[in-house]
Amino acid sequence: MFKTEFLKGFNISDGVLTTVVTVLILNAFKTDMNLGIITSASSILTIVLSYLYSKFFKEKNDKIVILTCSTLPVLCLFILLGITNNITLILYYVVYQVLLNLLVMIMDIRLFNLSNIKLIREDNQVEFWAIREGILNIGRILGYFILFIIVILKKDQYLNYFMIFLTLTIPIMGYTITKVKKHNKV
């Protein structure tokens, strides 16, 4: 689970990939109004998909949802790399935002269930969450440190390579989360 939390901090949960994609959108459209419109549409889609997930996968095996959420952004990345224009950038951004928000929700549910297993005694709950937050923040720090180095070097191509690398780690995160049971017995 801690591998997943590291990658989650590195990519998604206030991670650097969100910042990189936002910078690319702002560079493409030269205005934050378009970013706001795209983000609002993504948020509405996230709400709809979250509702559908809670309605149809509450007690069912959701590995297909996890694998879909973690592989579709990679597919959209390859589309973006093959056909680089504003439409494919928007497609990547929307798929990334919507599916990874759903993936984070699923990951958090499993994390909260995991924290309640008998192996973690009640008096060790604080330590569990502290270690989890520490690993999550190490991922964030490493991601932003690499972005900082890229900005200092002033190489736009490195930013693109970094986005590719970050996106390619998402399926690894999805795979690791499928190894955590959805409903742990307390």
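Predicted model: local features only at pLDDT ≥ 70, side-chain atom pairs only at ≥ 80, totals over all residues.

Let me begin with a rule: rings of Phe, Tyr and Trp (its six-membered ring) pair if their centres lie within 6.5 Å, and planes under 30 degrees apart count as stacked, over 60 as edge-to-face and the rest as tilted. By this rule there is one aromatic pair. Its rings belong to Tyr 92 and Tyr 96, and because their centres are 6.1 Å apart and their planes at 10 degrees, the pair is stacked.

Residues are numbered from 1 along each chain as its sequence is written, and side-chain values use heavy atoms, with hydrogens and water left out.

Tyr 92 and Tyr 96 are four residues apart in helix α5 (residues 86-114), so about one helical turn separates them, and both are buried, that is, under 20% relative accessible area with a 1.4 Å probe, protein chains only.

How do helix α4 and helix α8 pack? Helix α4 (residues 63-82) and helix α8 (residues 170-178) pack at an angle of about 170 degrees, with their axes 8 Å apart, which makes α4 roughly antiparallel to α8, a term used for angles over 145 degrees. In this contact (heavy atoms within 4.5 Å), residues of α4 including Ile 66 and Leu 67 meet residues of α8, among them Ile 170 and Ile 177.

Notes. Axes fitted to C-alpha atoms, helices over the stretch in contact; angles between N-to-C directions. Helix = DSSP H or I, 4+ residues; strand = E, 2+ residues; numbered from the N terminus. Parallel < 35°, antiparallel > 145°, perpendicular 65-115°, else oblique. Buried < 20%, exposed > 50% of the residue type's maximum accessible area, 1.4 Å probe, protein only.
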